[in-house]
Amino acid sequence: MSNYSDSIIVPYDFTEKANCAIKHAAIMAKNMNAEVILLHIVKKIAEAQEVESKLVEVATKFTAELGTPVRHITREGTIFKTINEVVEELKSVCVVMGTHGMKGMQKITGSWALKVIVGCHVPYLIVQKDPCYHDVADILFPVDYKLETKEKLKWVSMLSYLSKIKVSLLGQQGNGPMYDNPTKANMNFCRKYLEERQIDYEIVWLDQKGSFYELSLKYAKEHNCDVVMITTTRDIAFHDYILGAYEQTIIANEAEIPVFVVNPRSEVKLAYQNF
């Protein structure tokens with residue numbers, strides 16, 4: 001993580017969901033001795049002066065309440081480009097963003113949150129309510145047949161340095177050798193990775209039929225998991241949003257479980273072919 005600065009970005013729009021995101025970001029920031037940066041985006045930079053005093057008030061309030069440095073910046077642009085541009089500029093370690101789930105037209109055109117996330121080289125933590133983590137954070141780590149599922153492991157390793165965690169490796173069997181065999185191989189890879197780093201884990205195999213990610217959400221809710229960790233679909237396209245990419249269901253889950261979203265790197269396939 002040496003290429004990243006000690007900052008966490010929170011897109012801020014004065015909503016309660018954004019305030020929730022600040023609280024989640026502060027927990028991470030406190031553990032890594034980092035600062036929280038509120039990013040307010042305006043259509044025209046001239047509009048920034050209208051909200052400057054309010055942003056100062058919010059940053060000051062949360063700095064005092066949470067005991068973590070909180071500052072703000074304002075940029076001209078759109079949420080779909082500017083957030084990731086600022087992440088690149090500041091070399092921030094991650095983004096924590098609040099979401100209202102999928103409402104109205106978003107059910108037709110796809111989750112705005114997902115469209116913002118895709119393409120960023122750092123992960124997003126998507127939240128819907130205030131933090132309620134346990135002393136040991138329980139991370140649900142769905143393991144499927146795709147190579148890029150392994151890329152989540154480096155972020156598990158990072159989180160293990162920030163707090164006590166337990167990782168639940170969740171897999172599904174019964175889909176035929178084409179899917180079952182690579183899933184087993186990925187599960188074995190993840191197990192060895194966690195054991196080498198002495199990270200607490202358990203392996204759970206599902207034998208139910210149905211959507212793996214819907215079953216994952218059901219498991220997360222029933223077992224009171226703190227975070228679900230997923231990767232986005234590689235080269236996601238407009239039709240994926242229309243048809244309903246699985247990430248949309250998880251990000252906007254009705255149980256309001258925080259979701260840690262990792263975008264697969266373009267070189268990930270080549271990187272893991274050697275394992």
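Gln198 is exposed, at 74% relative accessibility; exposed here means over 50% relative accessible area, buried under 20%, and partly exposed in between, with a 1.4 Å probe and protein chains only. Gln198 sits in the loop between helix H7 (177-196) and strand S8 (201-206). Helices (H or I, at least four residues) and strands (E, at least two) are DSSP runs, numbered from the N terminus. The phi of Gln198 is near 55°, a positive value in a residue other than glycine.

Before I continue, a word on the source. This is a predicted model, in which local features need pLDDT of at least 70 and side-chain atom pairs count only at pLDDT 80 or more, while totals for chains, interfaces and linings use all residues. Residues are numbered from 1 along each chain as its sequence is written, and side-chain values use heavy atoms, with hydrogens and water left out.

Lys91 also has a positive phi, of about 55°, although it is not a glycine. Its place is the loop between helix H3 (82-90) and strand S4 (94-98). With 48% relative accessibility, Lys91 counts as partly exposed.

Let us now turn to the interior. Why is strand S6 (residues 137-142) described as largely enclosed by the rest of the structure? The reason is that six of its six residues are buried. On one side lie Ala137, Ile139 and Phe141, and on the other Asp138, Leu140 and Pro142, so that both faces of S6 are covered.

S6 also has partners. It runs parallel to S7, and six bridges join the two; strands pair if DSSP finds at least two bridges between them. Ala137 has Ile165 as its bridge partner in S7. Two bridges join S6 to strand S9 (residues 227-231), again in parallel, and there Ile139 is partnered by Val227. Together, S6, helix H6 (residues 153-162) and S7 form a right-handed β-α-β unit. Right-handed means that, with the strands pointing away from the viewer, the path from the first strand over the helix to the second runs clockwise.

Within strand S7 (residues 165-172) we find Val167, which is buried at 0% relative accessibility. Leaving aside neighbours within four places in sequence, Val167 is in contact (heavy atoms within 4.5 Å) with several residues, among them Ile139 and Phe141. Val167 and Ile203 are 36 residues apart in sequence, yet their C-alpha atoms are 8.6 Å apart in space.

I come next to the cores. In soluble globular proteins, nonpolar side chains tend to be buried together. A nonpolar core is a set of buried Ala, Val, Leu, Ile, Met, Phe, Trp, Tyr and Cys residues joined through side-chain atoms within 4.5 Å. The largest such core here has 49 residues, and Ile8, Met28, Val96 and Phe141 have the most contacts inside it. Helix H1 (residues 16-31) gives the most to this core, with seven residues. A second, separate core has 37 residues, including Val95 and Val259. Beyond its neighbours within four places in sequence, Ile8 touches residues that include Met28, Val36 and Val96.

Finally, the cysteines. How many disulfides does a search of the whole structure find? The search finds zero, where a disulfide is a pair of cysteine sulfur atoms within 2.5 Å. The sulfur of Cys120 is too far for a bond, because the closest cysteine sulfur, in Cys94, is 9.6 Å away. Cys120 is buried at 4% relative accessibility, and Cys225 is buried at 6%.
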